[in-house]
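Please keep the sequence and the coordinates at hand while reading.

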Amino acid sequence: MMEIICNNEEFVTVIKPFGVSSQENGKDGLPDILKKELGLTEIYTVHRLDTVTSGVMVYAKTKHAAAVLSKGITDGTFEKEYLAVVHGEVSPDKGEMVDFLFKDSRKNKSFVVKNERKGVKKASLEYEVKEIRNGLSLVKIKLHTGRTHQIRVQFSSRRHPVYGDGKYGASDNIPFIALFSHSISFISPENEERVSFEAPRPKYDFF
């Protein structure tokens, strides 16, 4: 079930469950659920999470908040950290991944490519391995860019697919992937002060 962390005049932060779309679809997308639950006529989506992913998100309740939050994403002051369980023992235990990604819209899938060309975008993140167990690594990830399926494809390209992510090479039979939006931090549209919200990683049976 969706959990509301903070709800004020400008924005609402929630923990999105896996299996729920982060975008409005007129029925059961998270913005639709929030509008119904909070009695709102408008909710503005400023960032996204894949349907198979869970974790902390923020939605704007006013056009002003949407503009401030969107600006933060553009200028890099909106920060996102994730926790992921990936296959294999990631080495080195901390570092940076920088790749060129191409998104195939027909397949809704991204690919690492060697050279820049039309439709290719640079993607970068930094990571730190927090624990290794049973041939799996728990990794904390900070995104520097927000490309489609970025974490999933960058780790998969290094033979460390996210647990449960059949789209990018994992063979685990579970209805979600072990990628969790652990925390977000941004300049508040309310008072222009930095605020942070986080949630504990779900307890996984396999790790």
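Is Asn 134 buried or exposed? Asn 134 is exposed, because its relative accessible area is 63% and the class of exposed residues begins over 50%. The model is a predicted one, and the points below are grouped by topic.

- Most residues other than glycine have a negative phi, and most peptide bonds are trans.
- Asn 134 has a positive phi, near 55 degrees, although the residue is not glycine.
- The loop that holds Asn 134 lies between strand E8 (120-133) and strand E9 (136-143).
- A cis peptide bond leads from Ser 91 to Pro 92, and its omega is near 0 degrees.
- Pro 92 belongs to the loop between strand E5 (79-87) and E6.

- Strand E10 (residues 179-187) and strand E11 (residues 194-198) run antiparallel and are joined by five bridges.
- Within this pairing, Ser 185 has Ser 196 of E11 opposite to it.
- The two strands, E10 and E11, form a hairpin, and six residues separate them.
- Glu 192 is located in the loop between E10 and E11, and its phi is positive, near 65 degrees, in a residue other than glycine.
- Glu 192 counts as exposed because its relative accessibility is 68%, against a cut-off of over 50% for that class.

**Surface charge around Lys 103**

- A patch of positive charge on the surface is formed by Arg 48, Lys 103, Lys 121 and Arg 147.
- Of these residues, Lys 103 is placed in strand E6 (residues 94-104).
- Lys 103 has a relative accessible area of 37% and is therefore partly exposed, since buried means under 20% and exposed over 50%.

- Thr 62 is situated in the loop between strand E4 (54-60) and helix H2 (63-75).
- With a relative accessibility of 23%, Thr 62 is classed as partly exposed.
- From C-alpha to C-alpha, Thr 62 and Asp 75 are 20 Å apart in space, and 13 residues separate their positions in sequence.

Conventions. Residues are numbered from 1 along each chain as its sequence is written. This is a predicted model: local features need pLDDT of at least 70, side-chain atom pairs count only at pLDDT 80 or more; totals for chains, interfaces and linings use all residues. Side-chain values use heavy atoms; hydrogens and water are left out. Patches are made of residues with over 30% relative accessible area and no salt bridge: like charges are joined within 9 Å, nonpolar side chains (Val, Leu, Ile, Met, Phe, Trp, Tyr) within 5 Å. Accessible areas come from the Shrake-Rupley method with a 1.4 Å probe; for residues, only the protein chains shown count as cover. A salt bridge is a side-chain nitrogen of Lys or Arg within 4 Å of a carboxyl oxygen of Asp or Glu. Lys and Arg count as positive and Asp and Glu as negative; His and the chain ends are not counted. The place of a charge is taken as NZ of Lys, CZ of Arg, CG of Asp or CD of Glu. Helices (H or I, at least four residues) and strands (E, at least two) are DSSP runs, numbered from the N terminus. Buried means under 20% relative accessible area, exposed over 50%, partly exposed in between (1.4 Å probe, protein chains only). Two strands pair if DSSP finds at least two bridges between them.
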